[in-house]
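Thank you all for making the time this morning.

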Amino acid sequence: MAMGFSRVPLLRRLPVSYPALPYSSSLQSNRKINISASLSTTEESTSSLIQHTPVRTRWKPMCLYFTQGKCTKMDDPLHIDTFNHNCSLELMRNAARLENLKQQEFEYFLVLDLEGKVEILEFPVLLFDAKTMDVVDLFHRFVRPTKMHEERINQYIEGKYGKLGVDRVWHDTAIPFAEVIEQFEVWLGERQLWRNELGGCLNNAAFVTCGNWDLKTKVPQQCTVAGMKLPPYFMEWINLKDVFLNFYKRRAPGMLSMMRELQIPLSGSHHLGIDDSNNIARVIHHMLTDGAVLQLTAKRNPRSPEKVEFLFKNRIV
């Protein structure tokens with residue numbers, strides 16, 4: 001089956017026609033994360049980072065079946081040559097800038113950027129390792145609305161993802177939000193990032209979002225629609241906008257403005273959640289090498305989850 005993609009300046013992606021692929025849930029990653037790792041600015045750690053500097057390769061769109069553990073074309077050379085199957089940021093590392101690295105409170109950052117205004121349509125999470133300064137794993141699911149008629153869903157998806165050329169993948173793989181959360185908790189547990197027996201909070205990890213909307217507003221709304229209780233690991237997060245404002249003393253109201261300020265070219269398609277999460281991770285990488293420390297910026301009151309405390313005095317409203 002012939003497949004192709006186009007590259008344009010700044011690595012922007014044009015609509016890509018994804019083939020309808022048979023898939024199997026047995027292709028989920030079994031990678032285990034070593035939670036004992038911690039960020040260090042020692043000479044040994046720095047040299048380790050330099051030795052593992054990846055080689056830049058041509059940009060390819062991510063296989064959106066692969067991100068969901070459902071790609072069965074891994075033995076197809078044309079498919080492998082056309083689509084990316086690696087979650088690494090593949091960023092070149094500057095040895096001089098590594099001297100700016102600071103100890104982080106968390107060992108892992110869960111970079112989340114939801115898509116969908118009426119209901120959540122896409123739930124992408126990239127696992128960013130604060131020690132290796134790279135994305136080491138991912139969880140990605142397309143989400144099927146539960147309160148919308150099929151005709152409305154088709155119109156919604158055509159308008160949202162049709163122009164990006166990924167509407168077929170969405171229809172092939174989307175599952176209800178409750179199933180997404182169930183699978184996400186399995187994914188977290190396999191990587192020792194969460195245990196329900198320990199109160200349901202994250203272990204040495206924190207969510208990072210570009211704004212408060214994802215976890216302050218949308219996830220609680222979607223939980224209500226799905227008839228489920230808000231999971232406790234969604235009770236606190238890092239709003240990268242606020243960290244950016246307080247570290248650089250410059251206001252950047254969104255992902256694109258942060259990337260412009262840091263002279264980071266856009267990669268992939270804006271408003272495709274998995275690509276936006278990747279770009280946010282690249283901003284995090286840049287900020288950490290500049291010496292930023294990512295701290296929690298918002299917490300919910302456990303007794304009154306609807307109440308959110310914002311922890312930074314200077315923040316983007």
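Let me start with Phe-109, which stands opposite Ala-206 in strand β5. Before I go further, please keep in mind that what you see is a predicted model, and that everything I quote is computed from it.

Why is β1 described as largely enclosed by the rest of the structure? Five of its five residues are buried, and therefore the description applies to the strand.

Let me step back to the chain as a whole for a moment. The protein chain has nine helices and eight strands, and 53% of its 317 residues are buried. Of the contacts between residues at least 6 apart in sequence, 70% join residues at least 24 apart. The accessible surface comes to about 14,900 Å², and carbon and sulfur atoms account for 50% of that surface.

Now to the aromatic residues, for which a search of the whole structure finds 14 aromatic pairs. One of them is formed by Phe-142 and Tyr-161, with the ring centres 5.5 Å apart and the planes at 75°, an edge-to-face arrangement. This pair links distant parts of the chain, with Phe-142 in strand β3, residues 134-144, and Tyr-161 in helix α3, residues 150-161, 19 residues apart. Phe-142 is buried at a relative accessible area of 0%, and Tyr-161 is buried at 0% as well.

A further pair is Phe-184 with Tyr-233, whose ring centres lie 6.0 Å apart and whose planes meet at 70°, so this pair is edge-to-face. Here too distant parts of the chain are linked, since Phe-184 lies in helix α5, residues 177-190, and Tyr-233 in the loop between α6 and β6, 49 residues apart. Phe-184 counts as buried at 0% relative accessibility, and Tyr-233 counts as buried at 2%. Phe-184 and Tyr-233 also belong to a cluster linked by ring pairs, which includes Phe-123, Phe-139, Trp-187, Trp-194, Phe-207 and Phe-234.

There are also rings with a charged neighbour. Arg-152 lies over the face of Tyr-156, 5.3 Å from the ring centre, and the charged end of Arg-315 sits over the ring of Phe-310, 3.9 Å from its centre.

I will finish with helix α7, residues 240-248, which is mostly covered, with seven of its nine residues buried. Which residues of α7 are buried? They are Leu-240, Lys-241, Asp-242, Val-243, Phe-244, Leu-245 and Tyr-248, and you will notice that Lys-241 and Asp-242 are on that list. At the start of α7, a side-chain oxygen of Asn-239 reaches to within 3.0 Å of the backbone nitrogen of Lys-241. After the helix comes Lys-249, whose phi is positive, near 60°.

Note on methods. Residues are numbered from 1 along each chain as its sequence is written. This is a predicted model: local features need pLDDT of at least 70, side-chain atom pairs count only at pLDDT 80 or more; totals for chains, interfaces and linings use all residues. Side-chain values use heavy atoms; hydrogens and water are left out. Helices (H or I, at least four residues) and strands (E, at least two) are DSSP runs, numbered from the N terminus. Buried means under 20% relative accessible area, exposed over 50%, partly exposed in between (1.4 Å probe, protein chains only). Contact means heavy atoms within 4.5 Å. Accessible areas come from the Shrake-Rupley method with a 1.4 Å probe; for residues, only the protein chains shown count as cover. Two strands pair if DSSP finds at least two bridges between them. Rings of Phe, Tyr and Trp (its six-membered ring) pair if their centres lie within 6.5 Å; planes under 30 degrees apart count as stacked, over 60 as edge-to-face and the rest as tilted. A charge sits over a ring if NZ of Lys or CZ of Arg is within 6 Å of the ring centre and within 35 degrees of the ring normal. A polar contact is a pair of N or O atoms within 3.5 Å; within protein, one must be able to donate a hydrogen and the other to accept it, and residues adjacent in sequence count only if both atoms are side-chain atoms.
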